[in-house]
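Before reading on, please take a moment with the sequence and the model shown below.

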Amino acid sequence: MGLLSDPNRRRALISLLTRLNAPICVVCYMAGVAWFMGLAFEPFTLRTYMSENAMGSTMVEERFPAGERALGTGREFSAHKKKAGGMPVDWLVKTMQSRGLEVFTQRFSRRLPFPDEDKERYMVKGTNVYGILRAPRAPRTEALVLSAPCSPGDDNNQAVGVLLGLAQYFRNQVFWAKDIIFLVNEHDLIGMQAWLEGYHHTNTTGMDWSPLQGRGGSIQAALSLELSSDVVTSLDLVLEGLNGQLPNLDLANLFYAFCQKIGVLCTTQGKLQRNDWDSVSGYSHAVQTMMLMVMKQASGRPWGDHGLFLRYHIEAATIKGINSFRQYKTDATTIGRLLEGMYRKLNNLLERLHQSYFFYLMPSLSHFVSIGYYMPAFGLLALILLLRALDLWIQLATPPPGVLSVLTPLVISHLTGVALYTLPIHFQEIAVEHFPVSETEAVVLTAIAVYTAGLALPHNTHRLLTGRGTENGWKVLKLVAVLYLAVLLGCTALINFSLGFILALTLVPVAAFVTPDLCSATPACTLLFSVFLFQELQEMPVSFLDGWMLYLSVISQGILDHALYGSLVYPLVALLVYPCWLLFWNILFWK
Amino acid sequence: MAAPLTLLLLVAVTVRAALYRSSLADLISERVEVVSPLTAWKRVVEGLALLDLGVSPYSGDVFHETPLIIYLFHFLVDYAEITFMLADVITAVALYLSVKDYNKQVFRKQKYALEADRYPLDCLELIRSPKEMQYIPLKVAMFYLLNPFTILSCVAKSTCGLNNAVIALFVLSTIKGNVLLSAIFLSLATYQSIYPLTLCAAALLYLLQRQYIPVNLRRFSFWWFVAQYAFMYLGSLFVIVGLSFFLLGSWDFLPSVYGFILSVPDLTPNIGLFWYFFAEMFEHFRLFFLCVFQINVFFYTVPLSIKLKEHPVFLIFMQLAVISIFKSYPTVGDIALYMAFLPVWSHLHRFLRNIFLVSCVLLACSALFPVLWHLWIYAGSANSNFYYAITLLFNVAQILLVSDYFYAFLRREHHLSHGLYLKRKDGSEATLVLK
């Protein structure tokens, strides 16, 4: 406490911090970015290891033999799907019943707030079919889920085939201690949302679904399978769920361990791991993988059908089969054996997966960075805001001229935020009537219009109300805004590190050095920039025009994700980040 | 001054009424930061239901409020929202009146001291002017009514608001010099939650000072006054407890209310220090640490009373802060009560050292509580350690805040007697160092 109570030392420290404020801030920013880039460097990361004892030491022998037959079932499924023009409910029910499962169906319907142009749907009606394999060995209080989507076109037929094949095989085994639920969901995430809400008796998004007739125990883990070819070259693991939530790292470890054991190529973010970490290309490969994970997590959307399970405390991941031009192929039997092994180990669980990390980034499937290592990168960026706030506080040593003067811009900017949040969806009908645009475009363009209008509005009203701004007025406003931003980014980074970090990376430098004479990026630019970076990372660079279209669709998808699944990114940006940003905009136009 | 106060009351009531009607009310009344097992409205409703069935409300181990509260709401349950708003209004008005009266006394004392030339010459800038003191009572009322903590607590219908009203009335009657009412309200406050017992010393010091009885252990008049006050206090406490017994027809409430407060069986997370510690501890240490933790609340009374015997109102503020930090089931409503006093000490601002740091930490912690709760309970990705870390930080910040005010107060007093610009023996400028 000496530092806090000894006036001489305090004075020295404070004068140091004020005199060297700008250089210290720059150094902090550099250090934050450098730290973050360093996270992908292999010697700084940890190797993944299995923490859960129940899954670690037990030996499992995989014997699934019926890959070819599963593919046959898949082809049959595809034929029936084509005939029914959607989910072949009757066929699926019959097939599952003949495999000895208790089969139930669930109907659901949902009208989207506006048409989804990416997936071409507006009025969604569908049926989920699921069969429960009751555990012969235990009191059926726990369950595991294996799901495969029934997608339009020719996608994912093989996944349903493998799922049915596994169901038949699992039925003949005696060692299951948990119910296993085989789920075929229609309309990907919407069906999954309906099924999960029905299973847990909740209704958060106002969707219509018929109640579930049959139920297993509480779900411990879930895997979602996506497979669109008879043979695959590699399996890709998708972890990012709703609002950037991740499953327990042990689930990823389990997948990695079995891929190693069976000898299947495995990837994450579609990137293989490389052994040449000490070369430049190896390092940049790791950076790319990690950045892809960061971008996907920051988007807050579920990147596979598993994404919604995480909200219910269920560890879940999606396994995607990828067929590329490599020589070495893996057949369906091997994939079946891999899944069998994973379910056998999950079956051995005595408690929920909790031993390993929940907060992590993965530069490759075999290495991870835990929260203790990546948080300092964000902390260094947040420190800049605190240092600036301290500097302003000392400059304002005389009593601040009325907190009330800050209240007006605060209220106005928040009202603009509320407008940005509510208007786009409410005004689409009017916009469609008056302008030659489709509904989706109307929503996106209204959002952009409100956004730009907000940037023009508040600093004008402020001048009307108080005449000319006082000299110290903007400093008080900036102090409030900087602290607001720091708290906001801190909370965001705790819930979704990637989102917090990306926002901090772009907003902090501008926020820290904005004065009435100095100019500035905004959250919208952050998004635009992120869209291009993401495409670049996926090695699919786009032209500017395509990028712009992509940008518009990303906005509409964000609004849809919020309406459909309750993703928090859009309300966060509209109700909190954007108003906070307007405060800085206010400072810029103070004079 | 009545017009701004009325306006303030109107604004405060409107905000509360609007929040009661919104969907946020249910969300807020579930927050562990806002309601404790003692004060939760849900538990009061449960107690009422049991009472209506003719069963003792304490038989279910859910309800832990005092009998008077449950009989109050037996009649007022349909007007609960109005009752809680009224409680907040009473607290604010009581604080307003008492601070107004206190400021008058402070000013009078300062005038006498000035006339008697008791202050050193260079202390003129420390002298308080009536102009700066004019708006302090209004600010106190505003700090209480518009404090988000109070609003949350009121919207959640936490019975903490009623306790605050009783304590505020106690402060008012003490400052007005009404010995009997002061004793009655203090006994009511004690009856509600035991801890206000420590305010006894402050009230005694204040009333003695007001009646010009010196605090001298050898004087008969001192002991006579203490005995009088103790008699009134214990007498009314006895009457209230007796009344509860006759209302309820059993002594069930004693273990269920006071046993519950003192032995801390409910370890639901809250913003206090108890829950995590006792959840982690081995059972056979429990009694020992229970004593240590509980004595902590009462312990500071003696040194603080000795140090601040000339300034009983500041002592009340310190005691309220200590209670709300160290009590077994604290909620944000308790914090709001002592924070309402902060404008009274606005003249200490030049001596405060860590106010910026502390307010930043308090602000950040308040935002982080719900976030970490979400991560722990709903997302399942964080755990109790995260939440407790924030609790700990929040309490450290509160302690820093209170000790900072304590230090500033003592330092101002020191300057008032020794001059503002202190010199060392060799004539160079000296600085005060707290070690």
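A salt bridge is here a side-chain nitrogen of Lys or Arg within 4 Å of a carboxyl oxygen of Asp or Glu. With that rule, the count between chain B and chain A is 0 salt bridges, although over all chains the count comes to 19. The model is a predicted one, and the points below are grouped by topic.

**Where chain B meets chain A**

- Chain B brings 24 residues to the contact, and chain A brings 22 residues.
- The size of an interface is often given as the accessible area lost when the parts come together.
- For chain B and chain A the buried area is about 2,000 Å², and carbon and sulfur atoms give 74% of this area.
- On the side of chain B, the residues that lose the most area to chain A are B:R353, B:F356 and B:S381, which together make up 27% of what that side buries.
- Across this interface the rule for polar contacts finds 1 residue pair, with both residues at pLDDT 80 or more.
- Two or more residues of the side of chain B that touches chain A come from each of the elements α19 (355-379) and α20 (384-418) of chain B, and α19(B) gives the most, with 13 residues.
- By residue kind, the side of chain B that touches chain A divides into 19 nonpolar, 4 polar and 1 charged.

**Salt bridges within the chains**

- Side chains of opposite charge can pair when their charged atoms come close.
- In chain A, A:D188 forms a salt bridge with A:R121, and their closest N and O atoms are 3.5 Å apart.
- This pair links distant parts of the chain, since A:D188 lies in helix α8 (residues 188-200) of chain A and A:R121 in strand β3 (residues 121-133) of chain A, 67 residues apart.
- A:D188 is partly exposed because its relative accessible area is 22%, whereas A:R121, at 11%, counts as buried, the cut-off for buried being under 20%.
- A:D561 and A:R301 also meet through their side chains in a salt bridge, at 2.9 Å from N to O; A:D561 is buried, with a relative accessible area of 4%, while A:R301 is partly exposed, with 24%.
- In chain B, the side chains of B:D88 and B:R16 form a salt bridge of 2.9 Å, N to O, and the pair links helix α5 (residues 80-115) of chain B with helix α1 (residues 2-21) of chain B, 72 residues apart.
- B:D88 is buried, with a relative accessible area of 3%, and B:R16 is buried, with a relative accessible area of 1%.
- A network of salt bridges links A:E102, A:R134 and A:D179.

**Strands of chain A**

- Strand β7 (residues 218-226) of chain A runs parallel to strand β10 (residues 315-322) of chain A, and 6 bridges join them; A:A222 has A:A316 as its bridge partner in β10(A).
- Strand β8 (residues 234-238) of chain A pairs with β10(A) in the antiparallel sense over 5 bridges, and there A:L237 has A:I319 as its bridge partner.
- An open sheet of 3 strands in chain A has the order β1-β12-β11, with antiparallel pairing.
- In this sheet β1 (46-47) and β11 (360-364) of chain A stand at the edges, each with a single partner strand, so one side of each is left without a neighbour in the sheet.

**A loop residue of chain A**

- A:D276 lies in the loop between β9 (265-268) and α10 (280-299) of chain A, and is partly exposed, with a relative accessible area of 25%.
- Leaving aside neighbours within four places in sequence, A:D276 is in contact with A:S281, A:G282 and A:Y283.

Key:
Residues are numbered from 1 along each chain as its sequence is written. Chains are lettered from A and ligands numbered from 1 in the order in which they are written. This is a predicted model: local features need pLDDT of at least 70, side-chain atom pairs count only at pLDDT 80 or more; totals for chains, interfaces and linings use all residues. Side-chain values use heavy atoms; hydrogens and water are left out. Contact means heavy atoms within 4.5 Å. Buried area is the accessible area (1.4 Å probe) that two parts lose on being put together, summed over both. A polar contact is a pair of N or O atoms within 3.5 Å; within protein, one must be able to donate a hydrogen and the other to accept it, and residues adjacent in sequence count only if both atoms are side-chain atoms. Helices (H or I, at least four residues) and strands (E, at least two) are DSSP runs, numbered from the N terminus. Ala, Val, Leu, Ile, Met, Phe, Trp, Tyr, Cys and Pro count as nonpolar, Asp, Glu, Lys and Arg as charged, and the others, Gly among them, as polar. Buried means under 20% relative accessible area, exposed over 50%, partly exposed in between (1.4 Å probe, protein chains only). Two strands pair if DSSP finds at least two bridges between them.
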